[in-house]
Amino acid sequence: MQTRFILIETSHAGNVGAAARALKVMGFDDLVLVAPRWPNVLRKEETIQRASGANDVLTKARVVNTLDEALAGVTHLCATAMTPRDFGPPTRSPRDHFAELTKPGAPEQSVAFLFGCERFGMKNEDVYRCHVALSIPTHPQFGSLNLGSAIQVIAYDWRVALGGFAVQDVIAPADKADAQQVAGMLTHWEQALTDIGFLDPAAPKKLMPRLNQLFNRVDLSPEEIHILRGVAKAMIQTAESKSPAKR
């Protein structure tokens, strides 16, 4: 679905940068500012610093004079208001409402999320235009969220409803050692364990098959095989240095 985030009469440049950052990390980039305090807010140093690299979102963002301009092409309006308004739209939690918007068979919409100014929130007349008022569930005795945090929560919940992103592993999967490498390492360990007196070749029992199964479960990498063979080599050298024949 097409998604737009609309900030109405924003007074702090840093919040515009924080909004851009929140959108970018959730994969959104349609940001519209309605009559912000600073006409050049998208170019202010504080905005750019708080965006933390989301400069492409700032570059694409638009500044307009009226809410009507910001709503062009939008079919579903979501106010963000902690306090329900008399005669206003129904108040729902973001996740409950997003589940309705994205359920199978639901019509595709062009969705806009509206955020009011930092000090007073959304005006009644702007809330009345919306189809729903989203209220983020917070602690009953302290529900104050700053603008950047509120945008991040809404953007995250909406992205999850749309399907979300896969978790990225910061470490690339290691290559697995092949069977020949594992077998060679086990032969090396069998010699080392024999030399230090831990393994009796005359009565080996099931030690080596058990070690074989243990290492198979671990899915060793070639680098780990190299480490284990280094340990085996050190054990053999230590046993040789203590052997009576070496004294």
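A disulfide is taken here as a pair of cysteine sulfur atoms within 2.5 Å, and by this rule the count comes to 0 disulfides. C78 is in no disulfide, the nearest cysteine sulfur, that of C130, being 7.4 Å away, which is too far for a bond. C78 is buried at 0% relative accessibility, and C130 is buried as well, with a relative accessible area of 6%; buried means under 20% relative accessible area, exposed over 50%, and partly exposed in between (1.4 Å probe, protein chains only).

The model is predicted, so that local features need pLDDT of at least 70 and side-chain atom pairs count only at pLDDT 80 or more, whereas totals for chains, interfaces and linings use all residues. Residues are numbered from 1 along each chain as its sequence is written, and side-chain values use heavy atoms, with hydrogens and water left out.

Helices (H or I, at least four residues) and strands (E, at least two) are DSSP runs numbered from the N terminus, and two strands pair if DSSP finds at least two bridges between them. Strand 2 (residues 31-34) runs parallel to strand 1 (residues 2-8), to which 4 bridges join it, and L7 stands opposite L33. The path from strand 1 to strand 2 passes through helix 1 (residues 13-25) as a right-handed β-α-β crossover, a term meaning that, with the strands pointing away from the viewer, the path from the first strand over the helix to the second runs clockwise. Strand 2 is also joined by 3 bridges to strand 3 (residues 62-64), again in parallel, with V64 as the bridge partner of V34.

A nonpolar core is a set of buried Ala, Val, Leu, Ile, Met, Phe, Trp, Tyr and Cys residues joined through side-chain atoms within 4.5 Å. The largest has 34 residues, and those with the most contacts inside it include F5, L7, L31 and F113. Apart from it lies another core of 17 residues, among them A177 and L220.

A salt bridge requires a side-chain nitrogen of Lys or Arg within 4 Å of a carboxyl oxygen of Asp or Glu, and the count comes to 8 salt bridges, including those tabulated here.

| Salt bridge | Closest N and O atoms |
|---|---|
| D68 and R129 | 2.7 Å |
| D219 and K176 | 3.3 Å |

R95 is exposed at 57% relative accessibility, whereas D157 is buried at 10%.
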